[in-house]
Amino acid sequence: MNVYETVINNLEKLKNNYGLDYNDVDRLSKLKDGTYNDVVNGNKTIDLIELISITKIYLDDISKVFNPKMRMPSFKNLPQAVQEIASERLGKTEKLIEKKDLIYYCVLIFQKHFKIGSNFTNSEIKSHLSKELQEAFKGKSIEWDKSILSKYIIFTETTQQGKTKPEKIYKLLEEIPVDLVKKAEQKVGKSWLHK
């Protein structure tokens, strides 16, 4: 895939992720009707000025669309017009993710994905979070011994090699109580949980 294809592919991901249609893209980027549709279908190429105006619908930093592994911008960082379209058509809204709620996400991950006696690392737990949550909790450590889960988890005194450094291995000792699971569901919901 060349650079131009990468950019168009990323613009399409942005359009689809936030519920815009071709006419919205033309209107918001002040292009002639039908332009963006022709670009996506390969009937027309766009120049740098048009590319910038389309990218600015979603992002202030246009360099991001050149990245083949571009991440979607968070809802709160989108321009107002795109937020309104996403809210109206997809029901998307800004979710306020509190750093202190990480442990409640962990409760639901244990309940769904781990059996009593399972060993795990923090990165294995975080891999069960949605991409948006992984981004929100990036760099946030989980201190089991200081958490509401401290009596259900122990450090096994062993490590395994992680991506950049050794990771501690923990063990789930017993089932997490139902009332704690219910509290976690009330705090953070379950829609983000992978099937």
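In which loop is the place of Lys-30? In this predicted model, Lys-30 is placed in the loop between α2 (22-28) and α3 (35-40). The phi angle of Lys-30 is near 60°, a positive value in a residue other than glycine, and with a relative accessible area of 74% the residue is exposed. A second case of this kind is Glu-157, which has a positive phi of about 70° although it is not a glycine. Glu-157, however, is placed in strand β2, and at 65% relative accessibility it counts as exposed, because the threshold for that class is over 50%.

The strand that holds Glu-157 belongs to an open sheet of three strands, which are arranged in the order β1-β3-β2 with antiparallel pairing. Strands β1 (119-120) and β2 stand at the edges and have a single partner strand each, so one side of each is left without a neighbour in the sheet. The antiparallel pairing of β2 with β3 (residues 166-172) is made through seven bridges, and for Ile-154 the bridge partner in β3 is Lys-171.

When neighbours within four places in sequence are left aside, Phe-110 is in contact with Phe-120, Ile-125, Trp-144, Leu-149, Ile-153, Leu-172 and Ile-176.

Aromatic contacts were examined next. A pair of aromatic rings is described by the distance of the centres and the angle of the planes. The structure holds 11 aromatic pairs, one of which, formed by Tyr-105 and Phe-137, is edge-to-face, with 5.5 Å centre to centre and 65° between the planes. Tyr-105 lies in helix α6 (residues 102-113), whereas Phe-137 lies in the loop between α8 (131-136) and β2 (153-161), so the pair ties together parts that are 32 residues apart in sequence. Both residues of this pair, Tyr-105 and Phe-137, are buried.

Phe-110 and Phe-114 likewise form an edge-to-face pair, for which the values are 5.6 Å centre to centre and 65° between the planes. Phe-110 counts as buried at 1% relative accessibility, and Phe-114 counts as buried at 15%, because the class covers values under 20%. These two residues are also part of a cluster in which ring pairs link Phe-110, Phe-114, Phe-120, Trp-144, Phe-155 and Tyr-170.

Lysine side chains are also placed over aromatic rings. The charged end of Lys-168 sits over the ring of Phe-155, at 5.1 Å from its centre, and Phe-155 is itself one of the residues in the cluster of linked rings. In a further arrangement, Lys-15 lies over the face of Tyr-22, with a distance of 4.4 Å from the ring centre.

Notes. Residues are numbered from 1 along each chain as its sequence is written. This is a predicted model: local features need pLDDT of at least 70, side-chain atom pairs count only at pLDDT 80 or more; totals for chains, interfaces and linings use all residues. Side-chain values use heavy atoms; hydrogens and water are left out. Rings of Phe, Tyr and Trp (its six-membered ring) pair if their centres lie within 6.5 Å; planes under 30 degrees apart count as stacked, over 60 as edge-to-face and the rest as tilted. Helices (H or I, at least four residues) and strands (E, at least two) are DSSP runs, numbered from the N terminus. Buried means under 20% relative accessible area, exposed over 50%, partly exposed in between (1.4 Å probe, protein chains only). A charge sits over a ring if NZ of Lys or CZ of Arg is within 6 Å of the ring centre and within 35 degrees of the ring normal. Two strands pair if DSSP finds at least two bridges between them. Contact means heavy atoms within 4.5 Å.
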